[in-house]
Amino acid sequence: MEYEMSLWLYCIQACYKLRPVFQNKRTFFWAVLVVIGFCCGLGPQGGVTEFVRILGLNPDVYRSLLLFFRSDAVCIDKLRYYWIKVILSLVSPFKIAGHT
């Protein structure tokens, strides 16, 4: 159990490194919930209803979560830049058969 909690804390700390991408805290916290949803096993075909179900959220948040996915509050290019920066700060690339 302790290992599981430390893994979640590590995940949340990594998410906080993405904070500069988001214009406001509310958008950032929705993004963190989305990351947690993917970590909980939500597949790529899962929709907003599946996020609400897998995270045990109140069904009343469905519309807010849907608006998050349709929002232009997040600059995708900036998110991509920070995502790569965060990942490379957490793990070291290695080579297999001469390829990185």
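## Largest pocket

The lining of the largest pocket comprises 15 nonpolar residues, 1 polar residue and no charged ones. Nonpolar covers Ala, Val, Leu, Ile, Met, Phe, Trp, Tyr, Cys and Pro; charged covers Asp, Glu, Lys and Arg; the others, Gly among them, are polar. This is a predicted model, where local features need pLDDT of at least 70, side-chain atom pairs count only at pLDDT 80 or more, and totals for chains, interfaces and linings use all residues. Residues are numbered from 1 along each chain as its sequence is written, and side-chain values use heavy atoms, without hydrogens and water.

The largest pocket holds about 380 Å³ of space. Of its 16 lining residues, F22, A31, V34, F68 and L79 are the closest to its centre. Two or more lining residues come from each of α2 (25-39), α4 and α5 (76-90). Helix α2 gives the most, with 6 residues.

## Second largest pocket

The volume here is about 160 Å³. Y10, C11, A14, C15, L18, V35, C39, W83, V86, I87 and L90 line the second largest pocket. α1 (2-16), α2 and α5 each give two or more residues to this lining. By class, the lining has 11 nonpolar, no polar and no charged residues.

## Packing of α3 and α4

Helix α3 (residues 48-55) packs on helix α4 (residues 62-70) at about 125°, and their axes are 9 Å apart. That angle makes α3 oblique to α4 (under 35 degrees is roughly parallel, over 145 roughly antiparallel, 65 to 115 roughly perpendicular, the rest oblique). V48, T49, F51 and V52 of α3 meet Y62, L65, L66 and F69 of α4, with contact meaning heavy atoms within 4.5 Å.

Terms used: Axes fitted to C-alpha atoms, helices over the stretch in contact; angles between N-to-C directions. Helix = DSSP H or I, 4+ residues; strand = E, 2+ residues; numbered from the N terminus. 1 Å grid on protein atoms, 1.4 Å probe; cavity = no way out; pocket = protein on both sides within 12 Å on 5 of 7 lines; lining within 4 Å. Points joined across faces, edges and corners; volume = space filled by probe spheres on them.
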